[in-house]
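Biologist: Please show me the model, and then let us go through it by question and answer.

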Amino acid sequence: MDAFAQFLQAKYALDQRSLNPAVWRRFLDELSGRNPLDLLDVGTGAGSMFRRILQHYDHGAMHLTGLDIESGLLDIAETEIASLLQAKGFAVENGVGRLSAERDADRIEFQCICTPLSEFQSAPNRYDVITAHAFMDLVPLRQILAGFHDGLKPGGLLYTTINYDGETVVFPPYPDCEFEDALLRGYDASMEERRLNGSETGGAKCGRRLYGELLNAGFEIVSYGCSDWNITPSDGAYLDDDSVVLEHLLGWISSEGRSNPALDPEKLDRWLICRRRQLQMQMLGIIVHQIDVLARKPD
């Protein structure tokens with residue numbers, strides 16, 4: 001398993017704790033009574049969103065389509081979903097890039113599609129639900145939301161979660177607070193400067209931007225709220241695999257810092273040594289501000 005796949009698997013429990021509970025409950029309530037159910041998940045990764053949905057909603061006829069550019073991640077998603085369904089009493093049959101599962105009158109089909117979202121073509125008014133988990137900051141919002149609107153049936157749902165919203169706070173306070181503030185500003189700036197095929201992406205303030213762009217795209221806002229990562233030790237110990245997530249975050253922040261000519265590389269080395277030592281001592285904490293949004297295409 002490569003480093004990014006390890007990160008995705010490590011943050012599964014963290015994301016579950018972090019999802020806004022009111023928005024999540026409303027999403028599950030909105031699924032009720034939709035049978036059959038056709039779902040598209042973009043940026044599927046290791047299948048975390050489908051796994052999460054299937055833990056709570058697994059009846060009737062469901063067709064799940066997972067879209068990602070990494071075939072290795074889709075392989076993990078297929079394996080994880082098959083294991084989950086088998087544990088829930090389904091008879092699972094695997095094919096190439098797809099699986100089908102049956103349990104009494106319940107039938108679930110999962111299909112992997114390895115392609116960029118920009119090259120994915122869907123029939124209009126096809127999907128009941130589109131989900132995007134920790135994804136929208138990477139893509140041009142206006143263009144992608146227009147495509148989602150076209151792809152959803154009237155009354156269809158868009159559930160987009162863990163959307164970064166411009167604030168990362170590190171604990172305990174660093175002695176050279178001015179340096180760390182500059183480092184974190186540069187980290188956010190790198191997201192703001194990101195382009196995909198020449199277009200601006202959701203960037204570092206994706207969460208708040210989504211609200212307005214959804215309205216502009218013709219969606220109704222059903223529910224929204226914060227889904228902050230609280231990656232902090234409890235009684236001197238980290239929860240679940242939070243330490244793995246922290247190590248990856250430190251690596252990404254420091255990597256962006258090294259590409260910033262305004263930052264002193266020796267100070268950056270000292271910062272990283274300090275923060276990694278605190279991680280080993282289970283003292284380090286990071287809080288990341290994020291927003292979940294549930295929207296609906298009008299009937």
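Modeller: This is a predicted model, in which local features need pLDDT of at least 70, side-chain atom pairs count only at pLDDT 80 or more, and totals for chains, interfaces and linings use all residues. Residues are numbered from 1 along each chain as its sequence is written, and side-chain values use heavy atoms, with hydrogens and water left out.

Biologist: Which residues make the nonpolar surface patch of about 300 Å²?

Modeller: A patch is built from residues with over 30% relative accessible area and no salt bridge; like charges are joined within 9 Å, and nonpolar side chains (Val, Leu, Ile, Met, Phe, Trp, Tyr) within 5 Å. Accessible areas come from the Shrake-Rupley method with a 1.4 Å probe, and for residues only the protein chains shown count as cover. A salt bridge is a side-chain nitrogen of Lys or Arg within 4 Å of a carboxyl oxygen of Asp or Glu. The patch is made by Tyr211, Leu215 and Tyr224.

Biologist: Where is Tyr224 placed?

Modeller: Helices (H or I, at least four residues) and strands (E, at least two) are DSSP runs, numbered from the N terminus. By that numbering, Tyr224 is in strand 10 (residues 220–226).

Biologist: How far from Asp188 is the nearest side chain of opposite charge?

Modeller: Asp188 is found in helix 7 (residues 177–192). Lys and Arg count as positive and Asp and Glu as negative, while His and the chain ends are not counted. Asp188 is buried (under 20% relative accessible area; exposed is over 50%, partly exposed in between, with a 1.4 Å probe and protein chains only). Asp188 has no salt bridge, and the nearest side chain of opposite charge, Lys205, lies at 7.7 Å.

Biologist: Which side chain has a polar contact of 2.7 Å with that of Asp188?

Modeller: A polar contact is a pair of N or O atoms within 3.5 Å; within protein, one must be able to donate a hydrogen and the other to accept it, and residues adjacent in sequence count only if both atoms are side-chain atoms. The side chain that meets this with Asp188 is that of Tyr164.

Biologist: Is Trp271 buried or exposed?

Modeller: Trp271 lies in helix 10 (residues 265–280). Leaving out residues up to four places away in sequence, Trp271 touches (heavy atoms within 4.5 Å) several residues, including Tyr174, Phe179 and Leu250. Because its relative accessibility is 0%, Trp271 counts as buried.

Biologist: What is the N to O distance in the salt bridge of Glu180 and Arg275?

Modeller: Side chains of opposite charge can pair when their charged atoms come close. Both Glu180 and Arg275 are buried. The N to O distance in their salt bridge is 2.9 Å.

Biologist: How far apart in sequence are the parts that this pair ties together?

Modeller: Glu180 lies in helix 7 and Arg275 in helix 10, so the parts tied together are apart in sequence by 95 residues.

Biologist: How far apart are the closest N and O atoms of Asp165 and Arg208?

Modeller: Asp165 is buried, with a relative accessible area of 3%, and Arg208 is partly exposed at 46%. The two form a salt bridge, with the closest N and O atoms separated by 3.0 Å.

Biologist: How many salt bridges does the structure hold?

Modeller: The side chains of Arg276 and Glu247 also meet in a salt bridge. For the structure, the number of salt bridges is 24.
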